[in-house]
Amino acid sequence: MPRRALAAAVVALVLPLSACGSGGDDSGSTDASGKVEGDITFQTWNLRANFKPYFEGLVADFEKKYPGTHVKWVDQPAEGYADKISADAAGGTLPDVVNVSPDLVAPLAKAGLALDLDKAAAKYKKEYLPGAWASHEIPGTQGTYAFPWYLNTGPLFYNKSLFEEAGLDASKPPKTYGELFDDALELADKSDGKVATLANVPTIEDFGRYGLELMNKEGTAFAFNDAKGVELLTKYKELYDAKALDPQALTATPESSGKKFLTGAVAMNPGSALDLGNFKKQAPNLYKNIGITDQITSTGKVNMYVMGVMVNARTKQTPAAVAFAHFVTDAQNQMSFAKKVAIFPSTAGSLDDPYFTKEDGTDETRVRVAAAKSLKNAVNYTPVLFSEQMKTELRNSVAKALQGKVSPKEALDNAVKACDRLLQQQG
């Protein structure tokens, strides 16, 4: 599982019309109150290689708790996962319980293939963080279509010595976009354009954290081209012109941004605990001067990535499928999974565990504690209907604005128009 790609980029699913609607003889029951028994299939997404013993233990525990059940665990590779789900949905071979991300669940819910947990499993809602439960709601439809599973977020690293050299207070890194823009222009000015503060262009998450409503409530049109969106992109253009945004930001990858941060050409960069070990080895001076802070946000809430566990609305074993999906995502099992991999539980109260709150002097814990603290009221800003193609459209439009080929207003109008067109095609 790629460490930064919890919400691994997923192409939009387009289900054939034959899969739409949940009527007919093959529809399952939304009543999860019956006896938990029978055979079900559980599908994960690229987790067998690293976590086989964990999942085998999970299945055994469930079968022991509910005699008369049998869970067949299947795992699909990361590559082509969306296509596989699409094909299974169209062919009527979707497993009973499926590991999904919010953008994967949206077309399944629209096609009547994802069980509405607000109806079938409402009693469990209070067990999860509100932001996590809400992340599998679909604009324009009522309901929640997957149990929240593991979460991730990343803190922001910053180079204290670069802040100090520019006369800024390194103990007070920027928290909001306004503070970030002021500090970035100062850093660029004092270093004669040699030190950029950021190495990445704004993404849909940035527009969310800046405080925009990204979509209308009905989920039929995007709205990030409003005055606030234009204001954000205009600011980024100012940074780009002042070299406060790295000149190569238009083509940056996480790897290239990381290298710039490592060499002191960039003052701030998102990361994870794994990066700290890297800094220690490759850039001991940077490591000595590293600061850790929350993601920049003007809403007071950071962005989180979330994975979910969906129940197939057409399962023949609704009680068993719902019970198992809940079992996988309950507090005890999420906690045990979080200790095996650098992710965070979505269950209420779990982030208060000493594992997520107590420092022990190690870098890994330092980052884990910082991230866990910010997750309690985090939001999944990326709209569930925002596909990979849409991300590309936005990125291309942003690049044109930064290069001065079009105005920020025109760039965002073009991006919204293209994304709305793609939205209509999703049907």
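The buried residues of helix H11 (residues 273-282) pack against strand S5 (156-159), helix H10 (254-262), helix H12 (284-288), strand S7 (290-293) and helix H16 (363-375); helices (H or I, at least four residues) and strands (E, at least two) are DSSP runs numbered from the N terminus. The model is predicted, so that local features require pLDDT of at least 70 and side-chain atom pairs count only at pLDDT 80 or more, whereas totals for chains, interfaces and linings use all residues. Residues are numbered from 1 along each chain as its sequence is written, and side-chain values use heavy atoms, with hydrogens and water left out.

In H11, the buried residues are Asp 275, Leu 276 and Phe 279, where buried denotes under 20% relative accessible area, exposed over 50% and partly exposed in between (1.4 Å probe, protein chains only). Seen down the axis of H11, these buried residues fall within an arc of 105 degrees and therefore line one face of the helix; the arc is that of the directions from the helix axis to the C-beta atoms. Exposed residues Leu 274 and Lys 281 are carried on the face of H11 turned away from the buried side.

In strand S5, Leu 156 and Tyr 158 point one way and Phe 157 and Asn 159 the other, and all are buried. In a regular strand, side chains alternate between the two faces of the sheet. S5 pairs with strand S6 (residues 268-270) in the antiparallel sense over three bridges, pairing being assigned if DSSP finds at least two bridges between two strands. Leu 156 stands opposite Pro 270 in S6. S5 and S7 also run antiparallel and are joined by four bridges, with Gly 291 in S7 as the bridge partner of Tyr 158.

The largest nonpolar core contains 126 residues, of which Phe 55 and Phe 224 touch the most other members. Such a core is a set of buried Ala, Val, Leu, Ile, Met, Phe, Trp, Tyr and Cys residues joined through side-chain atoms within 4.5 Å. Helix H13 (residues 318-328) gives the most to this core, with eight residues. Apart from it lies another core, of nine residues, among them Phe 157, Leu 262, Leu 286 and Ile 290. Leaving aside neighbours within four places in sequence, Phe 55 is in contact (heavy atoms within 4.5 Å) with Phe 42, Thr 44, Leu 47, Trp 73, Trp 149 and Phe 337.

The structure holds 31 aromatic pairs. Rings of Phe, Tyr and Trp (its six-membered ring) pair if their centres lie within 6.5 Å, and planes under 30 degrees apart count as stacked, over 60 as edge-to-face and the rest as tilted. The pair of Trp 45 and Tyr 81 is stacked because the ring centres are 4.5 Å apart and the planes lie at 10 degrees. Trp 45 lies in strand S1 (residues 38-45) and Tyr 81 in helix H2 (residues 81-91), so the pair ties together parts that are 36 residues apart in sequence. Both Trp 45 and Tyr 81 are buried. Trp 149 and Tyr 150 form an edge-to-face pair, at 5.0 Å centre to centre and 65 degrees between the planes. One aromatic cluster includes Phe 42, Phe 55, Trp 73, Trp 149, Tyr 150 and Phe 337.
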